[in-house]
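Q: Please take me through a few local features of this model and how to read them.

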Amino acid sequence: MKLTPVYLITHTCNSIGYFTRLAATRASSEYVITKSANDEYTLKTISTFGESAITFRDGVEFEEDRLDGNRVRTVITIRGNKWIQKQYHDKNVTIVREFHPSGDITVTSVVNGVVCVRKYTKTA
């Protein structure tokens with residue numbers, strides 16, 4: 001899987017309420033992904049609502065401070081063209097980032113049975 005460093009959101013959740021979806025479609029969101037020489041990945045999310053960055057190694061658990069103010073235990077495993085992220089807190093969250101041959105990314109998030117799909121298109 002070849003990473004393109006910058007991705008721009010092109011589609012957002014279809015399973016959330018109208019007003020939340022409307023706000024989400026008006027917000028911009030961008031991913032910036034880098035990989036260091038020692039196999040650490042950094043995923044930086046830049047959006048209208050704020051910025052966050054996580055640095056991780058495949059399969060190694062770490063603590064993550066989310067934008068909602070919660071600190072969660074997180075592990076990201078890389079399986080083929082997918083990054084599978086599990087966040088453990090009062091509500092467990094699964095985020096699957098699927099990297100397509102076109103260079104685009106589909107991000108599927110699941111919490112309490114609610115599914116949200118976002119799509120990002122490479123820009124750089």
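Q: Where is the place of Asp39?

A: Strands (E, at least two residues) and helices (H or I, at least four) are DSSP runs numbered from the N terminus. Asp39 sits in the loop between strand E2 (29–35) and E3. The model is predicted: local features need pLDDT of at least 70, side-chain atom pairs count only at pLDDT 80 or more, and totals for chains, interfaces and linings use all residues. Residues are numbered from 1 along each chain as its sequence is written, and side-chain values use heavy atoms, with hydrogens and water left out.

Q: Is Asp39 buried, exposed or partly exposed, and what is its phi near?

A: Buried means under 20% relative accessible area, exposed over 50%, partly exposed in between (1.4 Å probe, protein chains only). Asp39, at 43%, is partly exposed. Its phi is near 65°, a positive value in a residue other than glycine.

Q: How is a pair of aromatic rings described?

A: By the distance of the centres and the angle of the planes. Rings of Phe, Tyr and Trp (its six-membered ring) pair if their centres lie within 6.5 Å; planes under 30 degrees apart count as stacked, over 60 as edge-to-face and the rest as tilted. There are 5 aromatic pairs in the structure. In one of them, Tyr41 and Phe56 have ring centres 5.4 Å apart and planes at 20°, so this pair is stacked.

Q: Which parts does the pair of Tyr41 and Phe56 tie together?

A: Tyr41 lies in strand E3 (residues 41–47) and Phe56 in strand E4 (residues 50–56), so parts 15 residues apart in sequence are tied together.
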